[in-house]
Amino acid sequence: QLQLVESGGGLVQPGGSLRLSCTASTTVLGIYTIRWFRQVPGREREGVACIRTDGSVEHADFARGRFTVTRDNAKKTVYLQMNNLSPEDTAVYYCAALYGSSCPPASLVDAWGQGTQVIVST
């Protein structure tokens, strides 16, 4: 069964940057589309960015121009580079996988990571 582990979260000042990593247990990460979500307590989980099996990407409106999703299938890892962070980006960030080439809604993913906390504060 596919397992995902996120890392790279932490405390950062407004305007700062973080790079999140999502590492998979499978040896064939390339057959999965990976989507990053985030969640704030009391709010629904929202999509942040998605990278398909062919490398094409989608970014949420709030993420476009600040966040970049990339993948390294040889390292079985997907990255989320986050720049110019603001307090509104404070959330638990999750990566999720779906077999195939569609960017999934949260209800259809095949596997979730445990999440990594991002706090943007002075």
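Me: How many bridges join β9 to β11?
Reply: There are 3, and the two strands run antiparallel. Keep in mind that this is a predicted model. If you want a spot to look at, Tyr93 stands opposite Thr116 in β11.

Me: And which strand runs parallel to β11?
Reply: That's β2, residues 10-12, joined to β11 by 3 bridges. Leu11 stands opposite Ile119 there.

Me: Which residues of β11 are on the covered face, and which on the uncovered one?
Reply: Thr116, Val118 and Val120 make up the covered face. Gln117 and Ile119 are on the uncovered one.

Me: OK, over to β4. Which strand does it pair with over 8 bridges?
Reply: β9, residues 91-99, in the antiparallel sense. Thr33, for instance, has Leu98 in β9 as its bridge partner.

Me: What joins β4 to β5?
Reply: 5 bridges, and again the strands run antiparallel. β5 covers residues 46-51, and Ile51 in that strand is the bridge partner of Ile34. The two strands form a hairpin with 6 residues between them.

Me: Which residue in that turn has a positive phi?
Reply: Gly42, with a phi of about 85°.

Me: Why is β4 described as largely enclosed?
Reply: Because 6 of its 8 residues are buried, the strand is largely enclosed by the rest of the structure.

Me: Switching to aromatics. How many aromatic pairs are there in the whole structure?
Reply: A search finds 4. In one of them, the ring centres of Tyr32 and Tyr99 are 6.0 Å apart with the planes at 80°, so that pair is edge-to-face. Tyr32 is in β4 and Tyr99 in β9, so the contact ties together parts that are 67 residues apart in sequence.

Me: Is Tyr32 buried or exposed? And what about Tyr99?
Reply: Tyr32 counts as buried, at 15% relative accessibility. Tyr99 is exposed, with a relative accessible area of 55%.

Me: What geometry do Tyr94 and Trp112 have?
Reply: Their pair is edge-to-face too: 6.2 Å centre to centre, with 85° between the planes. Tyr94 is in β9 and Trp112 in β10 (residues 111-112), so to speak a link between distant parts of the chain, 18 residues apart. Tyr94 is buried at 14% relative accessible area, while Trp112 is partly exposed at 31%.

Me: Which residue is linked with those two in a ring cluster?
Reply: Phe37; ring pairs link Phe37, Tyr94 and Trp112.

Me: Where does the charged end of Arg45 sit?
Reply: Over the ring of Tyr94, 3.9 Å from its centre. Arg45 also lies over the face of Trp112, at 4.4 Å from the ring centre.

Me: Now salt bridges. How many are counted?
Reply: The count comes to 5.

Me: Why does the contact with Asp89 tie together separate parts of the sequence?
Reply: Asp89 lies in the loop between β8 (77-82) and β9, and Arg38 in β4, so the pair ties together parts that are 51 residues apart in sequence.

Me: Are Asp89 and Arg38 buried or exposed?
Reply: Both are buried, with Arg38 at a relative accessible area of 7%. Glu46 is partly exposed, at 27%.

Me: Which residues are in the salt-bridge network?
Reply: Arg38, Glu46, Arg66 and Asp89 are linked in it.

Me: What about Asp61: which residue does it form a salt bridge with?
Reply: Arg64, with the closest N and O atoms 2.7 Å apart. Asp61 is exposed at 66% relative accessible area, and Arg64 counts as exposed at 52%.

Me: Last one: which residues make the nonpolar surface patch?
Reply: Val28, Ile31 and Tyr99, with an area of about 280 Å². Ile31 lies in the loop between β3 (18-24) and β4. At 34% relative accessibility, Ile31 counts as partly exposed.

Definitions and conventions
Residues are numbered from 1 along each chain as its sequence is written. This is a predicted model: local features need pLDDT of at least 70, side-chain atom pairs count only at pLDDT 80 or more; totals for chains, interfaces and linings use all residues. Side-chain values use heavy atoms; hydrogens and water are left out. Patches are made of residues with over 30% relative accessible area and no salt bridge: like charges are joined within 9 Å, nonpolar side chains (Val, Leu, Ile, Met, Phe, Trp, Tyr) within 5 Å. Accessible areas come from the Shrake-Rupley method with a 1.4 Å probe; for residues, only the protein chains shown count as cover. A salt bridge is a side-chain nitrogen of Lys or Arg within 4 Å of a carboxyl oxygen of Asp or Glu. Helices (H or I, at least four residues) and strands (E, at least two) are DSSP runs, numbered from the N terminus. Buried means under 20% relative accessible area, exposed over 50%, partly exposed in between (1.4 Å probe, protein chains only). Two strands pair if DSSP finds at least two bridges between them. Rings of Phe, Tyr and Trp (its six-membered ring) pair if their centres lie within 6.5 Å; planes under 30 degrees apart count as stacked, over 60 as edge-to-face and the rest as tilted. A charge sits over a ring if NZ of Lys or CZ of Arg is within 6 Å of the ring centre and within 35 degrees of the ring normal.
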